[in-house]
Amino acid sequence: MSSTPAEAGRIFRPRLWPTIATLAGLAVLLSLGTWQLQRLEWKRGLIEHASLQLAAPAVPLPTAGLDDLDFRRVSVTGTYLHDAAFAFGFTAEGGAPGSRLITPFRLEDGRVVLVDRGWLPTDLLPPHVPKGLEPQGTLTLEGVGRWRGSWHRTWLTPDNASADRRWYGWDVQAMAAETGLALEPMEIVLERSEGPAGLPRAEPVSIDLPNDHLGYAITWYSLALVLVVIYVLSSTTRSGSARS
């Protein structure tokens with residue numbers, strides 16, 4: 001005898017442990033998606049704050065509250081300490097390998113702050129910086145402050161080669177110990193080249209805060225939807241099969 005249409009239909013029959021596991025998985029995935037949306041709003045606030053900082057006029061570097069000056073334009077007067085300069089990171093420009101030239105700068109009040117003077121090719125980096133690229137005497141600089149007091153090493157950060165004056169992470173305390181200078185936990189990034197032929201090559205500062213949280217949220221919510229679909233399909237059987 002042939003099956004009737006009702007007998008050939010499908011019936012949703014949830015089972016206890018798959019249901020518990022699915023609900024637990026959904027709770028985790030939805031929580032992760034919601035957390036990423038919260039991070040999205042937080043990051044948008046940071047980017048908006050940084051944009052306002054960059055648009056504000058320069059201020060003299062204060063003696064306190066340096067962590068509030070991230071992305072703020074500041075001005076300082078003092079002298080370069082070229083003997084303590086070092087290379088930071090690694091980038092290639094125009095097919096040539098190089099790094100950022102970081103030079104400590106002693107302020108008139110005695111404090112020392114790091115200055116990112118711009119990019120130099122490898123053969124011109126410390127200790128081989130030409131004298132013509134080392135400004136002397138008292139100077140007044142204007143640049144963008146970047147707070148470096150909260151850096152933490154990750155497994156992606158290469159090991160520093162401080163003996164070769166090469167650094168890859170903003171470990172200001174280690175930099176201070178290596179140079180013998182009491183460094184402020186801040187970097188000032190110059191946006192205009194100081195030397196001849198545009199070297200070191202300074203460029204306008206851009207807001208480099210990655211904001212991928214929306215994509216992450218979509219991923220977690222999509223996985224939650226896939227989990228629901230799998231659960232429904234696995235919990236649905238043919239009515240005839242269910243009776244047999």
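The side chain of Gln53 reaches the backbone oxygen of Asp70 at 3.3 Å, a polar contact (a pair of N or O atoms within 3.5 Å; within protein, one must be able to donate a hydrogen and the other to accept it, and residues adjacent in sequence count only if both atoms are side-chain atoms). The model is predicted: local features need pLDDT of at least 70 and side-chain atom pairs count only at pLDDT 80 or more, while totals for chains, interfaces and linings use all residues. Residues are numbered from 1 along each chain as its sequence is written, and side-chain values use heavy atoms, with hydrogens and water left out.

Gln53 is found in helix α1; helices (H or I, at least four residues) and strands (E, at least two) are DSSP runs, numbered from the N terminus. Because its relative accessibility is 9%, Gln53 counts as buried; buried means under 20% relative accessible area, exposed over 50% and partly exposed in between (1.4 Å probe, protein chains only). Apart from neighbours within four places in sequence, Gln53 is in contact with Asp68, Leu69, Asp70, Phe71, Arg72 and Arg73, where contact means heavy atoms within 4.5 Å.

Strand β5 (residues 96-107) is mostly covered, with nine of its twelve residues buried.

| Partner of β5 | Residues | Bridges |
|---|---|---|
| β3 | 73-80 | three bridges |
| β4 | 86-93 | six bridges |
| β6 | 112-121 | nine bridges |

Phe105 in β5 is the bridge partner of Tyr80, and Leu101 in β5 stands opposite Ala87. Ile102 has Asp116 in β6 as its bridge partner. Two residues lie between β4 and β5 in their hairpin, and Gly94 in the turn has a positive phi of about 60°. The hairpin of β5 and β6 has four residues between the strands, and there Gly110 takes a positive phi near 100°.

Helix α3 (residues 213-234) has 22 residues and should span 32 Å at 1.5 Å a residue, which agrees with its end C-alpha atoms being 32 Å apart; the expected span is 1.5 Å times one less than the number of residues. In α3, His213, Ala217, Ala224 and Tyr231 are buried. Seen down the axis of α3, the buried residues fall within an arc of 50°, so they line one face of the helix; the arc is that of the directions from the helix axis to the C-beta atoms. What covers these buried residues includes β1 (10-12) and α1 (16-55). The face of α3 turned away from its buried side carries the exposed residues Leu225, Ile230 and Leu233.

Terms used
Two strands pair if DSSP finds at least two bridges between them.
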